[in-house]
Amino acid sequence: MTVAAILAAMGLRIAMLGLTSGVGATLTFFPAVIVVTLYAGWRWSLLPIVAGGIFAWMLWGGSHGGRPLGEIEPAGLVLYGVSVLITTAMASALRASLIKLAQARERYAHAEAHLRVTQTAAGVGPWEWDLLNGRMKMSATARKNLRMLPEGPVDADILLATVHPDDREMVREKVREAVTKGPLYEVEFRLIDHPDGERWIHGRGEVVRDENGRAVRMLGVNFEVTQRRRAEESLRESEARFRALANSAPALMWISGQDGVRIFVNDAYVAFAGVSYDEALVLDWRSRLHADDLNQILKGQIAGEASRRPFSLEGRYRRADGQMRWLKSFSQTRLGPGGEFIGFIGIAFDVTDTKEAEVKLTGLNELLADRVQEALSERDAAQAALTQSQKLEAIGQLTGGVAHDFNNLLTVIIGALDVLQRNPDDEKRRDRMLNAAQSAARRGEKLTQHLLAFARRQPLNPEICRIDAMIADSESLLRRAVGEGVDLTLDLKAGGRTTLTDSGQFEAALLNLVVNARDATPGGGRITVASQGVDLAAPQRELPAGRYLRVAVVDTGEGMDAETLERAFEPFYTTKAIGKGTGLGLSQVYGFVRQSGGEVTIESELGKGTSVAMLLPVREAFSPVEVLAVRPPATRASSHVLLVEDDVEVGDLIAAMIDELGHMVSRAATADEALAIARGDPTLGLVITDVIMPGGKSGVDLAVILASERPELPILLTSGYTGQDLMRANETPWPLLRKPYALDALAQAMADAWDRHAPVTVKKGKAKV
């Protein structure tokens, strides 16, 4: 650009005057300086300035052999330099002004665009009305708000055509008032019938006047306020409904502001106070409070209002008729749109009748409590009896099989003893017969324990149990319950998983399910008892995720319909004939499994059989498998043992066993006899007593007395009973040896009694006999 300007200046000078004359040598360079300065700035203008000076010097003699300049030519160069610098300064100032002007225009355009975007986004539509010719200029947003066409002329008539007929006169009056009286114009009106329902527009503007005060223009905006109008209408309706509801309530209601001053009370409030509405708003309730309640109420009110949290008060207030009434009030905080505290809303109920009724009911409650306790005790006893009867019903069904087993066991025992009696000197045969008799006796002991556990005659004792081992141990009892007409199969796959449960309860529940399956399965059918481990990765119904044991009893019987399946766990519900069942079997299974933290499920289909599954949570002890080695009888120096046993034959056998262990034995048949011996013989080193004995004192009573009189004397309790009457014996510090027992077990129990004896503190009272 700069080079082009210099060349243009030189070309113009040469074209007009040639190279021979020195007149006007620098004139053509002034436009070049101005153009370069405006375009590129004053620094670039130095080039055409210098070029002009050099060009003039060349014309004036510099290019003709070095002719010296005349007197006028140097002055001309100086004048050129001053003039061109002034021109450059003015051009530079002009350039700066033009740049600022361009920047201002750009900012204005940006602000105008931003304003348009803001107005469009906010739904604000600008408009301008020329009052002299009646023409209106409306933006796209203004037209959209009024539901007008995007293009076309607009005047006052076209504008009023968009207004609802009922609001047109109001709009005219607002415009007329703004033009004649004031500069400001503001109005809200409805649009003419709209498919989306009633629409509201808010118009706002200002009148512009000339120097004579005549209105010439009106500038303004419009925007839609339908949502706000609907919200206001909804708020009015809500307030009206609240007032109607509050005034219809029989309780006292009020609303207070942030300063604690009431701003609303309902009709019940006014009626209770017996004053006007305005007086009720400022009523000081301290003048109505009972003197005994004044301090308590004031303290509670001050604390509650200061906390800005819900609070409740109760006290006696004087009503308009002079009566003192108990009022219980509840105050709830009110929050503004931003969550800020703006006051309280409260309600108070007249609880006088309730207070009087409470006094009357106090005596009745005490009486009812006694009667309810008696009724509950009777109900529990009846339910326990009914539950036991259901268990005994199942035991009755097992009687034939159990009798068969016991006959077999007795045959072995009697036969073995008979052979021993006939051949006392045959040592080989004697050992074989003794082993057979002992094995049969132990089988009988185990069968008895299973029966007692099922009948719930043992105390509850939750422990870590291996399910597969328990089911396998119960197999003989289950097969007797099923009988020979139905095939019983065990499919045990739980492995080493264990659970915390009462083995007796579990076996009873399993036998219940097997008996139910047997009753539903025709001859030739099959019952399967299956176990397996189940891992729940996510919660299932009411069970949390975790490891479980699943024990299922599956039969090929007739199955259940939907109604029976729905009611299967209901107590006393049964599909069996009268006298064949109590309907408590499945409900007891359900209760046992739920108490163990598990769940019971039933799947059944008519004609295809039923599957009842117990899902029990896995519980592991610190040592999952514990093998107890049989220890040999403890050896001890000969001691004097007092044996207390009311059964003569059992006593003779135990005395012989004690004698075999090398100890001296004294005998007593009752607790009183034992006390007499113990008080008169200081040489006693151990007392072995049965728990259940005649005479009014049990073995536990005897142990308590002896522990008090002779705390240094060791005591060993024994019993062949496994019922609830042993609860107290289990709670004592003395070891308990259960009958039947062998010589090794007796020797070990005696050693434990000697090792554990120490002065103890025990509960007073009698054991159940």
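**Figure 1. Overview of the predicted chain.** The accessible surface of the protein chain comes to about 44300 Å², and 57% of this surface belongs to carbon and sulfur atoms; accessible areas follow the Shrake-Rupley method with a 1.4 Å probe, and for residues only the protein chains shown count as cover. This is a predicted model, in which local features need pLDDT of at least 70 and side-chain atom pairs count only at pLDDT 80 or more, while totals for chains, interfaces and linings use all residues. Residues are numbered from 1 along each chain as its sequence is written, and side-chain values use heavy atoms, with hydrogens and water left out. The protein chain holds 23 helices and 22 strands, where helices (H or I, at least four residues) and strands (E, at least two) are DSSP runs numbered from the N terminus. Of the 769 residues, 38% are buried, a class that means under 20% relative accessible area, with exposed meaning over 50% and partly exposed lying in between (1.4 Å probe, protein chains only). Among contacts (heavy atoms within 4.5 Å) between residues at least 6 apart in sequence, 60% join residues at least 24 apart.

Figure 2. Strand S8 (residues 311-318) and strand S9 (residues 324-335) run antiparallel and are joined by 8 bridges; two strands are taken to pair if DSSP finds at least two bridges between them. Within this pairing Glu314 stands opposite Lys328 in S9, and the hairpin of S8 and S9 has 5 residues between the strands, with Gly322 in the turn at a positive phi of about 95°. S9 also pairs in the antiparallel sense with strand S10 (residues 341-350), over 9 bridges, and here Gln332 stands opposite Ile345 in S10. The hairpin of S9 and S10 has 5 residues between its strands, and Gly339 takes a positive phi near 85°.

Figure 3. Arg318 is placed in strand S8 and is partly exposed, with a relative accessible area of 33%. Leaving aside neighbours within four places in sequence, Arg318 is in contact with Phe272, Ser287, Arg288, Gln323 and Met324. Arg318 and Leu289 are 29 residues apart in sequence, yet their C-alpha atoms are 6.4 Å apart in space. Ser256, in strand S6 (residues 252-256), is buried at a relative accessible area of 6%. Beyond four places in sequence, the contacts of Ser256 are Val261, Arg262, Ile263, Arg334, Ile342, Gly343 and Phe344.

Figure 4. A nonpolar core is a set of buried Ala, Val, Leu, Ile, Met, Phe, Trp, Tyr and Cys residues joined through side-chain atoms within 4.5 Å. The largest has 36 residues, and those with the most contacts inside it are Ile467, Phe506, Leu510, Val553 and Met614. Elements that each supply at least two residues of this core include helix H14 (467-473), helix H16 (503-520), helix H18 (585-595) and strand S17 (609-617), and the largest share, 8 residues, comes from H16. In soluble globular proteins, nonpolar side chains tend to be buried together. Phe592 lies in helix H18 and is buried, with a relative accessible area of 3%; not counting residues up to four places away in sequence, Phe592 touches Thr501, Gln505, Phe506, Ala509 and Met614. Phe592 and Ala509 are 83 residues apart in sequence and 7.6 Å apart in space, C-alpha to C-alpha.

**Figure 5. A nonpolar patch on the surface.** Ile34, Leu38, Leu94, Leu98 and Leu101 form a nonpolar patch with about 390 Å² of accessible area together. Helix H2 (29-40) and helix H4 (72-122) are the elements that give two or more residues to the patch, and H4 provides the largest share, 3 residues. Patches are made of residues with over 30% relative accessible area and no salt bridge, like charges being joined within 9 Å and nonpolar side chains (Val, Leu, Ile, Met, Phe, Trp, Tyr) within 5 Å; a salt bridge is a side-chain nitrogen of Lys or Arg within 4 Å of a carboxyl oxygen of Asp or Glu. Leu94, found in helix H4, counts as partly exposed at 44% relative accessibility.

**Figure 6. Backbone features in loops.** Most residues other than glycine have a negative phi, and most peptide bonds are trans. A cis peptide bond joins Lys739 and Pro740, with omega about -5°. Arg541, in the loop between S14 and S15, has a positive phi of about 55° although it is not a glycine.
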